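User: I would like to learn how to read charged side-chain pairs in a model, beginning with the general idea and then turning to the case at hand.

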Amino acid sequence: MRSDHCQVFSITHAGELRREEGCVSARGTDGGEVSLEQCPVGQSLPPKMKWEFDKQTGKIKHQSSELCLDAANLGASDTIKLRPCASDKDTQKWEIETTLT
């Protein structure tokens, strides 16, 4: 997932962070990258694809690692990283207007 600031994603009640048929998948731990993979159809969502969005803080947190999506220090072609959640980091604040079922 690149750091372009004009991409549109949605999050479902099941925890899918998705763009059309692709789901955001976590790879690794602190400093690990995220990627867009085909969303599973007719199967349960694997832990690497489960996310939470906190409307109050704007944080998107990976459920099993409890790390947040972070766009700090990225170039135009770099991918977003997983980092420890920090309340004072604007690079971890995201906007999601609607949650899908």
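Analyst: A salt bridge is a side-chain nitrogen of Lys or Arg within 4 Å of a carboxyl oxygen of Asp or Glu. Side chains of opposite charge can pair when their charged atoms come close. This is a predicted model, in which local features need pLDDT of at least 70 and side-chain atom pairs count only at pLDDT 80 or more, while totals for chains, interfaces and linings use all residues. Residues are numbered from 1 along each chain as its sequence is written, and side-chain values use heavy atoms, with hydrogens and water left out.

User: How many salt bridges does a search of the whole structure find?

Analyst: The search of the whole structure finds eight salt bridges. One of them joins Lys81 and Glu33, whose closest N and O atoms are 3.1 Å apart. Lys81 lies in strand 8 and Glu33 in the loop between strand 3 (22–26) and strand 4 (34–38), so the pair ties together parts that are 48 residues apart in sequence. Strands here are DSSP runs of E with at least two residues, numbered from the N terminus, and strand 8 covers residues 81–84.

User: Which residues does Lys81 touch, not counting residues up to four places away in sequence?

Analyst: Contact means heavy atoms within 4.5 Å. With that exclusion, Lys81 touches Gly31, Gly32, Glu33, Cys68, Leu69, Asp70 and Leu74.

User: What can be said about the salt bridge of Lys48 and Glu37?

Analyst: The side chains of Lys48 and Glu37 come together in a salt bridge with an N to O distance of 3.1 Å. This pair links distant parts of the chain, eleven residues apart, with Lys48 in the loop between strand 4 and strand 5 (51–54) and Glu37 in strand 4. Lys48 is partly exposed at a relative accessible area of 35%, and Glu37 is partly exposed at 26%.

User: Which residues do salt bridges with shared partners join into one network?

Analyst: Salt bridges that share partners join Glu16, Arg18 and Glu21 into one network.

How values were computed
Helices (H or I, at least four residues) and strands (E, at least two) are DSSP runs, numbered from the N terminus. Buried means under 20% relative accessible area, exposed over 50%, partly exposed in between (1.4 Å probe, protein chains only).
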